[in-house]
Amino acid sequence: MCGIVGAILSEGSVVQGLVDGLRVLEYRGYDSSGVAVAADDGVLVRKKEGRLANLEAALADGALEGARAGIGHTRWATHGPPSDRNAHPHLGRHGTLAVVHNGIIENYLALKEELTGSGVVFQSETDTEVLAHLIERELATADDLSSAVRRCLARVEGYYALAVLSRGPAGPEVVCARQGPPLAVASTADAAYLASDLLGLLPYTNRISFLEDGDIAVLTPGRVQVIDLQGRLVERLPKTIHWESGDSGLGHWPHHMLKEIHEQGDVLARTAFSRIAKGADDVEFEGGAFSDEFFAEIERVQVTACGTALHAGMIASYLIEGLARIPVDVDFASEFRYRDPLVGPGTLALAISQSGETADTLAATRLARSKGAKVAAICNVEGSSQVRESDGVILTQAGPEIGVASTKAFTAQVAAALLLAVRMGRARGTLDSERARELLQELRLLRPKIDSLLTEEAVGRVRRLARLHVEQNGFLFLGRGVNFPIALEGALKLKEISYMHAEGYAAGEMKHGPIALIDPGMTIVVINSVGHVADKVRANIEQVKARGGVTVSVGSDAASHEVAEDSIPVPETSEWLSPLLNVIPLQLLSYYVADLRGCDIDKPRNLAKSVTVE
Ligand code: F6R
């Protein structure tokens, strides 16, 4: 949610770099955007409702060129609807200080009342504007901007990643602070930069420091100094990040989502293959992580995650229970954190998150740790909070995921979950060498099978189906066993990018309610692969047909394709691995339905990637 950038250069002009940074971070929020730069006699701001292109048009007069310090923001509204007025940056009264912010200031009403009482006239409906006025007020008597920010933050309740730009008599100053949402900083020989995620910094350097809660960073050209809320120096050593800045480009693809769907064969290979141990009957994680000893005291696993990552977590529960024979519970992180869960030292709390910054998932992890659990994470972003706070981490190798709808990160999460399940099964002695070898061999064979689902012919088949069903009133996705979460994921993908009504159900539950929805206006997508529940799921297709429902079968069960009206055949693999194949046609179906409906696929309405607020 909300992208933040900032920079201070020893020479040159900062504004184009800010806009380029916002473009990379636009997936974090896209209802408005703005920049502020330090000019000779104050701070100049341009901000516009709508997409970044509107801001670029407003900057075309070149009036902000030449400034060497600035901050920028791309917004996902919390307080006050999207508008030019509510867009960030927000200025103090004297036009010499500007603030951008991601998060929520919970006591902003009380602060606003106080400031209004002292004569401040607010220009926006945001909670952020109180920060600009408070910092400005403190700056009048503080030694420098960081002291003023510290004093302001002592009065603030809530959470924030914020950046402040001031143009005082001594020249431009840039300070940023973190409590909750992520913020990273970096310096080069003649500049310093800040951004709400590392994609905003990678064009300059891959040596990046991640701020911790309570950190305030002071940026000067060539240097970033970090202090705590008491003003004491703290060390935040830079980490080397292994992504290339070019990885987030669109190339020849019309949308990031389609590009990312097509990357899934590579993602699987990068995430899984190098971790298959030499004897090919076990898994070996970097640095000997997840050793036999790691699992020694574990009696149960608690998975927490949100959205698509939760669906990967549900698949993880089937895999871990099935292969390592250890009980697994799965919960929405947002539920888990408020239900006083029964978690203790025998629990392995497993968080799954693409961004590693999802507020609820982080809170669930922290709660589990506070109750004595060991914490592990499956995460895509090196250096993220989730990674830093876990005892054991499996980094998925999906690369930057820019499309708001998660696709390749999901595949990588499921592959990582399988690796973890195999390792646990081997460590606990529930999975023998032969079975492990077979499974890992099947995993290797998935690569060409994924590619076969992404040929022009296979994609064309899905596109034709999308055309046939795009006028329907809604979709019901059914799946069973390890493919039940794929039904949920198919429905989530479709609703989030095409805005069509879609529901996912456990196939066996159909008769307990959803069957009432069946009519010719509803497409029932049934996911069914060869395996121990295939007959049952096929019977569901028959039941839907008997009631006049329109069915599409997806999976490797050829007999289901005979029964259903339409079908998307998927190559056969081990039942455990079938979700990794079955999800791909569903991602494509959502994509093409959304495309036919003219939706903004990479930036669906109301959504933002990386939900760093509750
Ligand atoms: C759906 C989607 C979201 C995320 C969820 C968790 O396509 O992208 O449902 O999966 O917000 O995000 P992470 O994985 O970053 O914790």
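**Pockets in a predicted model**

The lining of the largest pocket is made up of 13 nonpolar, eleven polar and six charged residues. This model is predicted. The largest pocket holds about 630 Å³ of space. The second largest pocket has a volume of about 290 Å³. Rolling a probe the size of a water molecule over the atoms shows where empty space is left.

**Largest pocket: space and centre**

- The volume here is about 630 Å³.
- The lining counts 30 residues, and those closest to the pocket's centre are Cys 306, Gly 307, Thr 308, Ala 608 and Val 611.

**Largest pocket: where the lining comes from**

- Two or more lining residues come from each of α9 (307–324), β18 (347–353), α11 (359–370) and α16 (484–498).
- Which element gives the largest share of this lining? α16 does, with four residues.
- Domain 2 (254–444) and domain 3 (454–601) each supply at least three residues to the lining of the largest pocket.

**Second largest pocket: residues**

- How many residues line the second largest pocket? There are 15 of them.
- Arg 23, Val 24, Ser 248, His 256 and Ile 402 lie nearest the centre of the second largest pocket.
- Its lining splits into six nonpolar, five polar and four charged residues.

**Second largest pocket: domains**

- Domain 1 (3–236) gives at least three residues to the lining of the second largest pocket.
- Domain 2 (254–444) also gives at least three residues to that lining.

**Domain 2 in both pockets**

- Domain 2 (254–444) contributes to the lining of the largest pocket and to the lining of the second largest pocket.

Key
Residues numbered from 1 in each chain as written. Predicted model: local features only at pLDDT ≥ 70, side-chain atom pairs only at ≥ 80, totals over all residues. Heavy atoms only, no water. 1 Å grid on protein atoms, 1.4 Å probe; cavity = no way out; pocket = protein on both sides within 12 Å on 5 of 7 lines; lining within 4 Å. Points joined across faces, edges and corners; volume = space filled by probe spheres on them. Nonpolar A, V, L, I, M, F, W, Y, C, P; charged D, E, K, R; others polar. Domains from an automatic or database assignment.
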